[in-house]
Structures are given as C-alpha cells and as structure tokens.
Amino acid sequence: MAIEQPATRPANPRFSSGPCAKPPTFELNKLADAALGRSHRAAVGKTKLKDAIEGTREILGIPADYKIGIVPASDTGAVEMALWSMLGARKVEMLAWESFGAGWVTDVVKQLKIDAEVKTADYGQIVDLASVDFANDVVFTWNGTTAGVRVPNGDWIADDREGITICDATSAAFAMDLPWDKLDVTTFSWQKVLGGEAAHGIIVLSPRAVERLETYTPAWPLPKIFRMTKGGKLIEGIFTGATINTPSMLAVEDYLFALDWARSVGGLKGLIARADANAQAVFDFCDANDWIANLAEDAATQSNTSVCLKFTDDRIQDGAAFAKAVAKRLEAENIALDIGAYRDAPAGLRIWCGGTVETADIEAMLPWLAWAFEAEIAAQ
C-alpha cells in the first residue's frame with residue numbers, strides 16, 4: 001500500500017551545508033554592479049573589497065582594532081594561514097570532535113610536525129573544555145559542521161591566556177554570537193551562513209594575533225599565499241582590500257549583496273533568530289518522533305546551523321544504506337537536496353538551518369522526511 005505524500009512542498013529545497021542556500025531575495029541581476037573585467041587593484045575594486053571588510057565588521061560587531069582580511073581558498077585557506085604562520089612559538093593544544101577539527105590536527109601534527117596535545121571527542125560529543133590549558137596556543141572549531149556540535153559559549157576561554165586562540169568559525173559566523181575578546185584568530189567563509197559564492201575566506205586577527213605575527217618567525221618555509229608579514233611587520237594592505245591574490249569580483253559583489261540582505265533582516269540578531277527558529281523546528285520534530293534524534297547529545301552543544309540527525313529505529317538493518325535511501329527519496333521528489341551526512345560522519349542526515357533558509361521551508365520539508373522514513377521502512 002502506497003504511503004500518502006504530504007500536500008505541501010518547500011518553496012526552496014536547498015538544505016545543503018555548503019555551499020548553502022542563497023538569501024531568499026537573491027536574483028542574478030542583483031549582481032549587475034559587479035566590477036567585472038576591472039582590476040581588483042583599481043579604485044572600484046579596492047572600494048568594493050574594503051566595503052566587504054567593513055560590512056563584515058559592522059554586522060559581526062568585530063572590534064575596531066581587529067584586522068579583517070579576505071584570503072584565498074575559503075575557510076580552509078584562512079585556517080591554514082593561521083596554523084602555518086603562528087604555531088610553533090609555544091606548546092599547542094588541538095581540540096577536535098568532528099572531521100574538520102581532525103583535519104587541523106593532521107596538519108599540525110603530521111605536516112608541521114608539532115608535538116601538540118590532542119584532545120578529541122566522538123561525533124555527537126565535545127571535549128572537556130574545562131581541561132584546556134591557556135598557557136598554550138589552542139586550536140578549535142566553534143561549530144563542528146559535520147557533527148552538529150558547537151561550543152556552548154566562550155566562558156571556558158581564559159581572559160588572561162598566555163597563548164593565542166585559533167577558532168575555525170566557518171559555520172558559526174553570522175549565526176552565533178562570537179565573543180571577540182576570547183578569539184585571537186577567527187576564520188570563516190561567506191559560502192556558509194550568508195550563502196555566498198565559494199572560494200574566498202575571511203581571517204580576523206586580534207591585536208594579540210598581530211603581535212604574534214610580528215614577533216615570531218616559524219622554522220618552516222611559508223608559501224606566498226600564507227604570508228601576512230613582510231620585514232617583521234603586518235602587511236596592512238591585506239586588511240584594507242589589497243588581497244594576496246586575485247579575488248573574484250563577482251563573488252565579492254555577491255557577498256556585498258548578502259551583507260545588505262543581512263542588514264535587512266536585523267543584522268546579527270536577526271540572522272541568529274532565523275537560524276534558531278529553523279533549528280528549533282527540527283529539534284521539535286525529533287522530540288515528536290522516536291525514530292530520529294539529534295546527533296549532538298547535549299542540548300547546550302546542539303548546532304543551530306548544521307543540524308545532524310541519526311536514525312534510531314531498531315527495524316533499520318543497514319544504517320548507512322537506509323540514510324542514503326531516505327536522502328535519495330527526498331531528492332527525487334525535489335523536497336530536500338544535499339542532506340546526506342558528511343562522508344566521514346556517522347550515518348544519518350544533515351539539514352542546514354542557517355539564516356538564508358526560510359523556516360516555512362523547514363516546516364514543509366519535515367513531514368516529507370517522515371514520509372520518506374516510512375516508505376523506506378516499508379521497502380526493507
């Protein structure tokens with residue numbers, strides 16, 4: 001017997017965790033003012049790049065004495081710049097509870113060959129934050145995109161720390177309230193919460209991070225795209241729009257549009273509220289159905305952007321195959337695209353709930369998730 005499909009469909013089925021859904025008002029013609037075919041070093045290019053930097057500062061509330069740079073290779077490039085340029089001056093603690101954090105451990109321990117203290121937790125959990133020693137440099141992700149687990153706040157970070165904190169905040173920035181006084185290096189990409197076009201990263205440096213750059217030279221050679229100093233001084237141009245390499249001015253225009261949209265929904269507070277509402281709809285769905293649960297075990301650490309789910313029904317024989325089949329059914333119906341769990345994560349689903357997603361679309365998609373689950377159970 002066929003299982004009846006829900007009557008309502010999402011207007012936008014895009015729930016990918018990166019690149020993420022464009023802002024709801026996005027149209028290609030909104031990018032008509034892009035400085036295409038012009039040098040990024042011409043006045044028009046420099047102005048747009050500086051506007052992107054200062055718009056980031058405005059919406060995120062980044063202190064005036066922090067430096068903001070647009071860098072190559074998305075969030076990955078920004079993190080690598082920090083790791084290669086700043087680590088090695090003192091002992092390092094690496095905190096990881098999902099695949100990207102684990103990737104930074106690999107880079108530090110196996111590539112840079114730093115004898116770091118590594119603290120890890122399984123997917124769905126988080127490390128003991130109270131055990132972190134801030135006499136050391138500390139590297140961590142604010143929100144684990146592939147596990148749906150985030151740090152609950154910044155209270156665990158010492159105000160009188162001796163080391164620097166390096167925070168990968170790629171799926172947290174613009175959806176969570178980041179405590180800038182606790183963060184010395186913060187990285188993200190605009191392809192996540194603001195739904196921008198991929199390939200560019202943002203790196204934010206506190207005065208303490210700048211001091212590290214200007215007083216420490218690592219033992220290893222630095223590729224050009226990682227270099228933020230020259231002659232022992234910060235290359236200030238990077239942080240006013242003179243990028244290390246050529247940026248896409250179309251992507252920059254797209255980011256400027258996204259920043260304008262962010263202002264229109266109430267800035268950071270509005271973006272956080274939208275993400276919270278989206279995630280809460282999923283949390284409520286999990287509470288109402290005993291066959292599905294949040295991968296993040298502690299409510300205080302549940303992400304409001306990359307919400308990761310696991311199936312818990314005893315009738316499921318092959319968890320990975322079942323989750324893939326459910327995701328395939330939803331994609332075939334054009335209900336939810338790209339919601340399979342990350343390849344290294346436990347079997348399940350990952351639903352992006354950042355602010356560019358409309359709550360009405362989440363609410364319309366969830367009954368279809370129940371439909372796909374029941375249909376796949378019946379097909380076993």
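Ile-70 is placed in strand 1, residues 67-72, where helices (H or I, at least four residues) and strands (E, at least two) are DSSP runs numbered from the N terminus. The structure is a predicted model, in which local features need pLDDT of at least 70 and side-chain atom pairs count only at pLDDT 80 or more, while totals for chains, interfaces and linings use all residues. Residues are numbered from 1 along each chain as its sequence is written, and side-chain values use heavy atoms, with hydrogens and water left out.

With a relative accessibility of 3%, Ile-70 counts as buried, a term that stands for under 20% relative accessible area, with exposed meaning over 50% and partly exposed in between (1.4 Å probe, protein chains only). When neighbours within four places in sequence are left aside, Ile-70 is in contact with Leu-49, Ala-52, Ile-53, Trp-190, His-200, Gly-201, Ile-202, Ile-238 and Thr-243, contact being defined as heavy atoms within 4.5 Å. Between the C-alpha atoms of Ile-70 and Glu-211, which are 141 residues apart along the chain, the separation is 20 Å.

Ser-171 is located in the loop between strand 7 (165-168) and strand 8 (185-189), and counts as buried because its relative accessibility is 0%. Its side chain is joined to that of Asn-143 by a polar contact of 2.8 Å, a polar contact being a pair of N or O atoms within 3.5 Å, of which, within protein, one must be able to donate a hydrogen and the other to accept it, and for which residues adjacent in sequence count only if both atoms are side-chain atoms. Beyond four places in sequence, the contacts of Ser-171 include Asn-143, Lys-192, Thr-305 and Trp-352.

Lys-192 is also among the residues nearest the centre of the largest pocket, together with Ser-17, Gly-18, Phe-100 and Gln-191, in a lining of 17 residues. On a 1 Å grid over the protein atoms alone, a pocket is an open set of points with protein on both sides within 12 Å along at least five of seven lines, a cavity is a set of points where a 1.4 Å probe fits but cannot get out, and lining residues have an atom within 4 Å of a point. About 240 Å³ of space lies in the largest pocket, where grid points are joined across faces, edges and corners and a volume is the space filled by probe spheres set on the points. Two or more lining residues come from each of helix 2 (74-86) and helix 3 (99-111), and helix 2 gives the largest share, three residues.

One cavity of 30 Å³ or more is found in the whole structure, and the largest cavity holds about 40 Å³ of space. Its lining includes Thr-146, Leu-295, Cys-308, Tyr-342 and Arg-350, with strand 13 (306-311) and strand 14 (349-352) as the elements that give two or more residues.
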